[in-house]
Amino acid sequence: MLEVRDLSKAYGDLYAVDHVSLTLEKGVYGILGANGAGKSTFLNLLTDNLKRTTGEILYDGTEILKMGAAFRKEIGYTPQLQGMYEDFTAGQFMRYIGALKGMRGRSCRKQTGELLELVGLAKHAHRRLGTFSGGMKQRVLLAAAMLDDPEILILDEPTAGLDPEERIRLRNHIAALSKDRIVLLATHVVSDIECIAEKVILMKHGKVIRFASPLELMTELEGKVGEFHGSFEEVQKWKEIYPKGEVIRRSTGYVLRVAAEELPEEFVRVNDLTLEDVYLFYAEGR
């Protein structure tokens, strides 16, 4: 169990993370929010890469600052920016990360082979990272984060910059690796978490504004999502009033989909709600 109590990170008068309290048990948690919402700062506080301004972080009842290296051993972390040695092969990079984690040679080599196989890169183990695509590098980072079987897996924008096919492939690998551990996946791409997250942490301006399951969040929005069907010109006029609305082109014409507390009579209420609607309502709108 990971308990976060009144956690904050301030830069002068600006709070990047603003008094967050959460209790996390085994499962997949999607941290959703726009760029600048505080997602990466929150994750860096959890890994103790940043010094907190206020609050406590407890792992199974013990403050992580007291645990030190023992806590870091329980973490697998994939940062937002890819920091890799381009001249290393995938296998060399994995063994290097394993050495930093204090793993023994035989165990590290065994896990390196197993994890590269799991993310579909076993046949590329001897290729240099500089020849890898962005998606392949992300899969290597994911495999490296899983070395030594961590209890907590922290992934910061793991699909950033990937094409749709690579994003789906990496998402499937994350789902496969998520059993029996705490997984925190921060993103502003709703599709990254909508099928694998058991709970969603919605962040805005450093605050957690909602913490619930996708189903609960979507149920709360019943009656607050609507669509306007019309010509391109008509849709654009409504878009000026609802700039966060989503314009969709269908075979029947143009549609503006909006999530809001109140909707005009011209909009047809819809029942097929999505997590994207939730994101637009809470994180982008209101």
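Helix 4 passes helix 5 in a right-handed crossing, a crossing being right-handed if the near helix is turned clockwise from the far one by less than a right angle, and left-handed if anticlockwise. The model is predicted, with local features requiring pLDDT of at least 70 and side-chain atom pairs pLDDT 80 or more, whereas totals for chains, interfaces and linings use all residues. Residues are numbered from 1 along each chain as its sequence is written, and side-chain values use heavy atoms, without hydrogens and water.

Ala-90, Gly-91, Met-94, Arg-95 and Gly-98 of helix 4 are in contact (heavy atoms within 4.5 Å) with Cys-108, Arg-109, Thr-112, Leu-115 and Leu-116 of helix 5. This contact of helix 4 with helix 5 comprises 5 nonpolar, 3 polar and 2 charged residues; Ala, Val, Leu, Ile, Met, Phe, Trp, Tyr, Cys and Pro count as nonpolar, Asp, Glu, Lys and Arg as charged, and the others, Gly among them, as polar.

Helix 4 also packs on helix 6 (134-145), the two axes coming within 9 Å and crossing at roughly 30°. Helix 4 is therefore roughly parallel to helix 6, and their crossing is right-handed. The contact joins Ala-90, Phe-93, Met-94 and Ile-97 of helix 4 to Val-140, Leu-141, Ala-143 and Ala-144 of helix 6. By class, this contact of helix 4 with helix 6 has 8 nonpolar, no polar and no charged residues.

Helix 6 in turn packs against helix 7 (residues 164-177) at an angle of about 10°, with axes 10 Å apart. From helix 6, Gly-135, Met-136, Gln-138, Arg-139 and Leu-142 meet Glu-166, Arg-169, Leu-170, His-173, Ile-174 and Leu-177 of helix 7. The contact of helix 6 with helix 7 divides into 5 nonpolar, 3 polar and 3 charged residues.

Conventions
Helix = DSSP H or I, 4+ residues; strand = E, 2+ residues; numbered from the N terminus. Axes fitted to C-alpha atoms, helices over the stretch in contact; angles between N-to-C directions. Parallel < 35°, antiparallel > 145°, perpendicular 65-115°, else oblique.
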